[in-house]
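Have a look at the model first, then read on.

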Amino acid sequence: MRNKVLPRSQSGLRRPVFSVGPVWRSPFQDGAYPITTPYIVGVHEAYDHGTPTGTPKLAMRVGVVVYAGWDDRFPVGSANGRGIYVDVLHEDGWLSRQMHFSQVMVPVGEWVQQGRWLGLSGNTGLSTGPHSHDAVFDANGRGIDWMALV
């Protein structure tokens with residue numbers, strides 16, 4: 001699968017968190033996650049930024065919050081799935097997804113401006129330490145290598 005990459009001038013994206021730790025770049029590679037679970041095998045279409053719990057997570061672009069809360073595919077508090085996460089739908093049909101929050105500060109349906117605090121980073125869901133998992137998908141659900149656009 002090839003990922004769509006738009007020129008910088010068209011993206012309008014910004015970094016969602018100020019990373020104080022390492023940036024793990026394992027996205028857009030076919031195969032198993034570096035962490036093997038019965039639930040996740042496939043493509044990691046995101047960037048993981050090491051951040052202390054409580055680091056503000058920011059909206060990457062203007063859009064509407066379409067999901068904010070615990071990954072309801074798994075029991076609350078379990079070490080599986082997205083943990084606490086936020087999805088923002090943008091006017092062009094792109095979706096930004098940020099995962100592993102410790103706290104969400106926006107309700108579903110809220111229109112957010114770029115840079116708006118969505119919540120605080122954490123270590124919820126399938127996570128080996130506090131970090132920010134940040135992904136962008138195009139209108140067809142394909143992962144976008146968004147770091148190439150900021």
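**Salt bridges and a buried arginine**

Glu110 counts as partly exposed, with a relative accessibility of 23% (buried is under 20% relative accessible area, exposed is over 50%, and partly exposed is in between, using a 1.4 Å probe and protein chains only). Keep in mind that this is a predicted model, where local features need pLDDT of at least 70, side-chain atom pairs count only at pLDDT 80 or more, and totals for chains, interfaces and linings use all residues. Residues are numbered from 1 along each chain as its sequence is written, and side-chain values use heavy atoms, with hydrogens and water left out.

**Salt bridges**

- The count comes to four salt bridges, taking a salt bridge as a side-chain nitrogen of Lys or Arg within 4 Å of a carboxyl oxygen of Asp or Glu.
- Glu110 pairs up with Arg116 in one of them, and their closest N and O atoms are 2.7 Å apart.
- Arg116 is partly exposed as well, at 29% relative accessibility.
- Another one joins the side chains of Arg97 and Asp87, at 2.7 Å from N to O.
- That pair ties together distant parts of the chain, with Arg97 in strand E6 and Asp87 in strand E5, 10 residues apart (strands, E, are DSSP runs of at least two residues and helices, H or I, of at least four, numbered from the N terminus).

**Around Arg82**

- Arg82 sits in the loop between strand E4 (63–70) and strand E5 (84–89).
- Although it is in a loop, Arg82 is buried, with a relative accessible area of 18%.
- Leaving out residues up to four places away in sequence, Arg82 touches Asp71, Arg73, Arg97, Met99, His100, Thr124 and Gly125, where contact means heavy atoms within 4.5 Å.
- Gly125 is 43 residues from Arg82 along the chain, yet their C-alpha atoms are separated by 5.1 Å.

**His100**

- His100, one of the residues that Arg82 touches, lies in strand E6 (residues 95–104).
- His100 is buried, with a relative accessible area of 2%.
- Its backbone is worth a look: His100 has a positive phi of about 70 degrees although it is not a glycine.
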